[in-house]
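Colleague: Thanks for sitting down with me over this one. Could you walk me through it?

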Amino acid sequence: MLNFDFYSPTRIIFGKDTETQIGELLKPHAKKVLLHYGGGSIKKSGLYDKVITSLKAAGIEFAELGGVKPNPRLSLVHEGIDLCKRENVELILAVGGGSVIDSAKAIAMGVYYNGDVWELYGTANPIENALPIATILTIPAAGSEASPGTVISKEETEQKLPYGNNKLRPLLSIVNPELFFTLPKEQLGYGVADMISHVFERYFTNTTYTDLTDGLCEATIKTLIKNASIAYNDMENYDAWAELGFAGTVAHNDLIGMGREQDWACHDMEHELSAIYDVAHGAGLAVLTPGWMQYVYKDNINMFVQFAVNVMGVEGSFRDPDAIVLEGISRLRDFYAKIGLETTLSGIGINEEKLEVMAKKATKEAFGNERPLGGFKKLYWQDVLEIYKLVK
Ligand code: NZQ
Ligand code: ZN
């Protein structure tokens with residue numbers, strides 16, 4: 001096990017009707033907030049009205065900025081920064097999914113950053129300060145409700161880049177599984193593929209003596225697989241959504257990744273798909289992840305046998321470990337298909353035209369300073385291209 005420093009200050013308020021507490025929860029922290037949201041699902045579901053009622057009852061003033069798109073855009077972030085400065089906003093309340101929360105984080109640090117906040121993306125540069133953030137989560141997926149990360153797209157340059165800093169971890173997040181009932185079915189699949197990937201990026205490691213986190217990872221993936229199928233067939237099943245909601249936060253607040261070298265190649269490869277083709281993050285991950293597994297597993301086959309047996313329930317002869325691993329990968333693909341996900345690039349509308357461009361952008365080869373992806377196995381642009389081709 002490696003040395004680690006675990007910091008996860010986000011208060012999670014979980015369960016039925018918890019969104020009605022938002023005004024009282026924010027009262028000690030701010031007199032004026034920015035209410036940030038997406039394309040309108042919160043108005044349709046009635047959540048917007050509940051939030052406004054709760055804020056007003058607590059005497060909290062608010063400015064509003066809606067219109068966050070999936071794969072959130074830098075242009076709206078700039079608008080939000082100006083608005084917060086103009087209105088003297090003290091806290092940002094993000095009501096929505098990962099895109100809204102990530103946009104809120106960009107605004108929160110942009111208010112204090114001296115320059116264009118985009119300069120921070122793709123770097124590990126420190127920030128001095130950020131406005132506090134609270135969230136009301138409407139889709140279990142990105143884990144941004146308790147993560148230090150934000151991922152923003154810049155349309156002009158077809159770039160989608162991450163930035164992470166502990167100062168961006170939300171102060172508090174409300175997770176009410178009832179709010180997930182209105183999700184379109186395909187969003188369930190995208191969310192589940194993302195949550196599972198957040199575990200995989202930590203689980204597949206060459207670090208040894210990681211029994212505890214191996215077990216936590218395996219329990220999280222099994223919980224996601226079991227309850228995704230239940231919710232997919234019964235979109236108002238509270239208990240299944242509760243399991244998914246809790247697992248989503250656990251998958252990405254980084255507890256299960258402590259003491260292990262992490263990977264993150266699938267995420268880096270996926271961001272290129274979203275940047276150019278505007279596909280949902282989870283849709284891209286469901287396609288890429290099995291291909292990545294096929295490409296890398298021989299580097300540490302024991303780790304993948306453990307996955308196939310402990311998580312996917314594969315039985316077989318340990319004298320033929322390749323067969324066990326390939327059956328595990330095949331079962332994962334079948335599961336994705338069962339919850340409505342495509343398993344090829346062509347299935348999500350991506351042809352071969354830009355595979356090489358994306359491989360070179362992902363590894364920064366395109367910018368003249370190649371940085372191989374991944375911790376489990378180092379991937380250069382030629383490797384990334386092979387993986388894209390494996391799943392075309
Ligand atoms: O915009 P509205 O109208 O609200 O509709 C949204 C959106 O169209 C809809 N939706 C959300 N909750 C709903 C709902 N519709 C009906 N009922 C509800 N309860 O779902 C659509 C997708 O929303 P989005 O926020 O984009 O989904 P998700 O949470 O999957 O976030 C994806 C983004 O998070 C980033 C991804 O790259 C992607 O841009 N990630 C952020 C991370 C982080 N900050 O730590 C880590 C992740 O790896 C990920 O990269
Ligand atoms: Zn993700």
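Colleague: Does H281 count as buried or exposed?

Modeller: Happy to start there. This is a predicted model, where local features need pLDDT of at least 70, side-chain atom pairs count only at pLDDT 80 or more, and totals for chains, interfaces and linings use all residues. Residues are numbered from 1 along each chain as written, chains are lettered from A and ligands numbered from 1 in written order, and side-chain values use heavy atoms, leaving out hydrogens and water. Buried means under 20% relative accessible area, exposed over 50%, and partly exposed in between, with a 1.4 Å probe and protein chains only; at 16% relative accessibility, H281 counts as buried.

Colleague: Nice. Which protein donors does the zinc ion (ligand 2) have?

Modeller: Donors are N, O and S atoms within 2.8 Å of the metal (3.2 Å for Na, K and Ca), and sites may look incomplete because water is not among the atoms. Along the chain, the spacing is D-x3-H-x68-H-x13-H. Lying 2.0 to 2.2 Å from the zinc ion, the protein donors are D194 (OD), H198 (NE2), H267 (NE2) and H281 (NE2).

Colleague: And which residue in strand 3 is the bridge partner of H36?

Modeller: Strands (E, at least two residues) are DSSP runs, numbered from the N terminus, and two of them pair if DSSP finds at least two bridges between them. Strand 2 (residues 32-37) has six of its six residues buried, so it is largely enclosed by the rest of the structure. Five bridges join strand 2 to strand 3 (residues 61-65), and the two run parallel. In strand 3, the bridge partner of H36 is L65.

Terms used: Helices (H or I, at least four residues) and strands (E, at least two) are DSSP runs, numbered from the N terminus.
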